[in-house]
Amino acid sequence: MIKEKKSNNVNDKIVKGLELTYERLVKYKRQINSPLIIEKNGKIIELDPYEAPDKVKYKRG
């Protein structure tokens, strides 16, 4: 039980870190007016940072 609880806590911290990193990345890309490079449907595309959402919620599988 304790290991499972500890594992969930670590996973929650990782997910929160990913969400914060995304927010900071979008903010930075907007400041320097540089596109986000992403993969969509198997293709690499440039995305205008102003078209990207400000925040994202990661789903735990």
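**Entry 1: ground rules**

Helices here are DSSP runs of H or I with at least four residues, strands are E runs of at least two, and both are numbered from the N terminus. With that in hand I placed Val10, which sits in helix α1 (residues 2-31). I am working with a predicted model, where local features need pLDDT of at least 70 and side-chain atom pairs count only at pLDDT 80 or more, while totals for chains, interfaces and linings use all residues. Residues are numbered from 1 along each chain as its sequence is written, and side-chain values use heavy atoms, with hydrogens and water left out.

**Entry 2: the overall layout**

I went through the elements next. The chain has one helix and two strands, and from the N terminus on they run α-β-β.

Then I looked up confidence, given as pLDDT (the predictor's confidence in each residue, from 0 to 100). The chain has a mean pLDDT of 89, and 89% of its residues reach 70 or more. Among the elements, β2 has the highest mean (96) and α1 the lowest (89).

For the surface, I used accessible areas from the Shrake-Rupley method with a 1.4 Å probe; for residues, only the protein chains shown count as cover. The chain's accessible surface is about 5600 Å², and carbon and sulfur atoms hold 55% of that.

Of the 61 residues in the chain, 16% are buried.

**Entry 3: the core**

Which residues make up the largest nonpolar core? I found five: Tyr22, Val26, Leu36, Leu47 and Ala52. Such a core is a set of buried Ala, Val, Leu, Ile, Met, Phe, Trp, Tyr and Cys residues joined through side-chain atoms within 4.5 Å.

Ala52 lies in the segment after β2 and is buried, at 5% relative accessible area. A contact means heavy atoms within 4.5 Å. Neighbours within four places in sequence aside, Ala52 contacts Tyr22, Val26, Arg30, Leu36 and Leu47. I also checked Ala52 against Pro35: they are 17 residues apart along the chain, and their C-alpha atoms are 9.8 Å apart.

How many of the contacts between residues at least 6 apart in sequence join residues at least 24 apart? I got 43%.

Val15 is in helix α1 and counts as buried at 15% relative accessibility. From Val15 to Lys57 I count 42 residues in sequence but 8.5 Å in space, C-alpha to C-alpha.

**Entry 4: the salt bridge**

I searched the whole structure and got one salt bridge, meaning a side-chain nitrogen of Lys or Arg within 4 Å of a carboxyl oxygen of Asp or Glu. The partners are the side chains of Arg30 and Asp54, at 2.5 Å from N to O. Arg30 is in helix α1 and Asp54 in the segment after β2 (43-47), so the pair ties together parts 24 residues apart in sequence. Asp54 is partly exposed, at 48% relative accessibility.

**Entry 5: a nonpolar patch outside**

I also found a nonpolar surface patch: Val10, Ile14, Leu18 and Tyr58, with about 350 Å² of accessible area together. Patch residues have over 30% relative accessible area and no salt bridge; like charges are joined within 9 Å, and nonpolar side chains (Val, Leu, Ile, Met, Phe, Trp, Tyr) within 5 Å. Val10 is partly exposed at 44%.

Most residues other than glycine have a negative phi. Asn33 is in the loop between α1 and β1 and is exposed at 59% relative accessibility. Asn41 has a positive phi too, of about 55°. Asn41 belongs to the loop between β1 and β2 and is exposed at 73%.

Buried or exposed: which is Ser34? Ser34 is buried, at 18% relative accessible area, and lies in the loop between α1 and β1 (36-40). Beyond neighbours within four places in sequence, Ser34 contacts Lys29 and Pro49.

Methods:
Buried means under 20% relative accessible area, exposed over 50%, partly exposed in between (1.4 Å probe, protein chains only).
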